Structures are given as C-alpha cells and as structure tokens.
Amino acid sequence: MKEESKVLTEKETDQLISDFFENYESYFDRPYYMDVLAQPLAKQYFRPSSLKVCLAYQLLTKEWLKAKLEEESFHDNGEKERIYLEPGKLKNNLPKEDWDLASDYLFPGDKQAYLELTADKKKLLLPSNKRQQLQHFKTSLANCQSWQKLLYHIKENHADLSVNWHFKNQSKLEVTLTGRKDHEHAFALKEPEAMDEEYDKFLANSKKKEANYKKKIKEKVAASSLRGDLLARAIAQLALRNETRITPNNCLKILRGLSYPDYDAINHSDYDRHFRFLPNQEILQVIEAMQKDGLIAAEERIYSDYHVYYHELVPTTMNWYQLI
C-alpha cells in the first residue's frame with residue numbers, strides 16, 4: 001500500500017512549536033550560552049566536538065522550526081520522523097553576532113542534533129539521550145563560568161606574581177604562580193566564593209614562599225666563588241638566552257669559537273668566541289662548578305629518534321639577579 005504523505009497545517013505547526021518550546025524552554029536559553037561561550041576561558045575548557053551538537057539546539061528558533069515543518073512531508077508509516085537541526089541551515093535565522101560566535105564551534109552540514117515527531121504527528125519531542133546531552137552541556141557551561149570568575153579574581157589580585165594555569169581534568173584547574181612548583185595548586189570546582197577564598201590563602205602563602213626563596217638565593221649567590229667571573233657570566237648568558245640546544249660541549253665550542261653547526265640558530269651571548277685560548281677542560285670545570293653552586297642546571301634530554309641522552313644547560317632563578 002502506498003504511503004500517504006501529509007504536510008502539517010499552519011495550525012498544527014504552530015501548536016507543535018508552541019508545545020515544544022513550552023515544555024523544553026529551560027534547555028534553550030541562548031543569550032546565557034552565547035555570553036558564557038564568548039568568555040576567554042571557553043575555548044580552553046570546551047572541545048568543539050562536545051559543543052557542536054548542543055549548540056545546534058541552543059540556536060534553534062521558532063522561525064526556523066516553523067519553516068522546516070511547513071516544508072516537510074511526513075509519511076503515515078507508524079514511525080517517528082526526525083527533524084534535523086543542521087547548523088549550516090540554522091544560520092539563515094540567526095542574529096549575526098550569534099553566528100559569528102557559533103561558527104567557531106559548529107561544522108555546517110552536521111546532522112547529529114535532531115527532534116522527533118511522534119507517529120500521530122501531534123507531539124514534537126526532544127529524545128531522551130539529547131536531553132541528557134543538553135543537561136550535561138548546561139552543567140559544563142556553569143562550570144566554565146565559575147572557572148572564569150576565579151581567573152578574573154586571580155588576575156585582579158595576583159599583584160607582582162606571574163600566573164599560568166591549565167586544566168588537570170573537567171573538575172580541577174591547576175594554577176602556577178611564578179612558574180615554580182613551590183607555587184602550584186589545583187583548585188577543585190566549588191562555588192565561586194569558596195574558590196576565591198581558597199585562592200586568597202594560596203596567594204598569601206605563595207608570596208611568603210617567594211620572599212623566603214629570594215632571600216635564600218641571594219645568600220647562596222653571594223657565597224659563590226664564581227660571582228663576578230667573566231667566563232661564568234658568559235656561560236650563564238648562553239643558558240639564559242637558549243633554554244634548548246645548549247649542552248656543556250656546545251657551550252665551550254661557542255665560547256672558544258670552535259666549529260659548531262647550529263651557531264646561526266642560537267641566541268648568542270655577549271662573549272661568544274672571547275675565550276679562544278682557554279683549554280676545553282677549564283671551561284667544563286667552570287660549568288661543573290656553576291651547576292654545583294646552583295647557578296645553572298643540566299637537565300637530561302633524549303633524542304627520541306636515536307635514543308641518545310644528553311644534558312642541556314638551563315638557567316636557574318639565580319640568573320634573575322645578574323650577580324655572577
């Protein structure tokens with residue numbers, strides 16, 4: 001038997017749309033979502049793949065849905081019909097500012113977001129798995145907003161300390177002050193006020209550690225026999241200006257003016273090639289003494305392609321004080 005096609009009447013279409021938005025209005029607060037997604041943290045916290053389906057629902061409008069229902073023909077075959085919310089087609093019914101933001105996340109032509117029309121064509125449904133997806137999305141947006149408030153609070157209150165952060169997972173934000181592990185703390189997701197209070201304690205403790213650390217460095221540098229040594233200053237400059245590619249052997253080649261294939265690729269010291277007449281061993285002894293005094297460090301690296309280990313000179317916080 002040939003299936004009968006049916007186009008909904010204008011009254012049926014209006015009723016479907018009215019019922020749908022009345023029942024699911026809490027899922028479609030577009031201004032709120034657009035506001036949160038415009039915040040700087042959003043692109044770090046959300047992955048586009050987790051956003052695109054949910055955003056298609058947030059961008060759904062009555063105008064678009066009415067036009068879609070009016071153009072669709074439905075078969076009376078006793079099955080649910082799906083109304084796909086394709087981002088590329090939703091675009092025509094969106095305010096420009098919404099689309100400019102949403103286009104950062106959405107992929108035109110994607111058909112993972114959809115509504116369902118019941119077999120009797122009298123009910124428009126949001127499938128249960130999509131309701132769960134949207135609820136999770138709302139929770140994630142609330143989390144994002146809480147994190148953003150914390151980061152604004154940090155920006156306003158970290159004073160002279162530099163701040164870095166990254167997400168350990170979806171419920172913890174790791175904040176590092178001045179780039180040292182002494183000042184590292186993971187903030188579990190809580191109410192913004194509780195996170196602010198926790199951060200204030202973290203900041204006060206970090207400042208105390210910072211003051212003690214600077215005092216310790218000054219005392220240690222002042223006691224070093226290498227303070228004021230020109231060769232030590234040259235070695236420290238190379239480590240400070242090149243936090244990659246500088247090994248002890250590379251360092252002595254640069255300072256002695258010996259053949260070094262990567263010479264043009266490095267950031268040079270003020271003393272390159274000034275120590276031509278010093279023997280290799282004397283330069284290596286100064287490098288070793290600087291490491292012992294904590295003026296520079298040698299971190300172990302590996303060339304993964306060849307499984308070759310080498311030691312690379314890197315600066316320590318003592319170089320901040322320019323005392324050597």
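The structure is a predicted model, in which local features need pLDDT of at least 70 and side-chain atom pairs count only at pLDDT 80 or more, while totals for chains, interfaces and linings use all residues. Residues are numbered from 1 along each chain as its sequence is written, and side-chain values use heavy atoms, with hydrogens and water left out.

View 1. Helices (H or I, at least four residues) and strands (E, at least two) are DSSP runs, numbered from the N terminus. Lysine 68 has 10% relative accessibility and therefore counts as buried (under 20% relative accessible area, with exposed over 50% and partly exposed in between; 1.4 Å probe, protein chains only).

**View 2. Crossing of helices α1 and α5.** The axes of α1 (residues 10-23) and α5 (residues 62-71) come within 10 Å and cross at roughly 140 degrees. Axes are lines fitted to C-alpha atoms, for helices over the stretch in contact, and angles run from 0 to 180 degrees between N-to-C directions. The two helices are therefore oblique to each other; angles under 35 degrees count as roughly parallel, over 145 as roughly antiparallel, 65 to 115 as roughly perpendicular and the rest as oblique. The crossing is right-handed, a term for a near helix turned clockwise from the far one by less than a right angle. Residues of α1 in this contact include Leu16, Ile17 and Phe20, and those of α5 include Leu65 and Leu69.

**View 3. Open sheet with the strand order β3-β4-β5.** The pairing in this sheet of three strands is antiparallel; two strands pair if DSSP finds at least two bridges between them. β3 (81-84) and β5 (124-125) are the edge strands, each pairing on one side only. Four bridges join β3 to β4 (residues 114-117), and tyrosine 84 has tyrosine 114 in β4 as its bridge partner.

**View 4. Open sheet β6-β7-β8 with helix α8 across its strands.** Here, too, three strands pair in the antiparallel sense, with β6 (163-169) and β8 (184-188) at the edges. Neighbouring strands are turned by 25 degrees against each other on average, direction ignored. Five bridges link β7 (residues 172-177) with β8, where histidine 185 is the bridge partner of valine 175. Helix α8 (residues 128-157) runs at about 10 degrees to β7.

Note on methods. Contact means heavy atoms within 4.5 Å.
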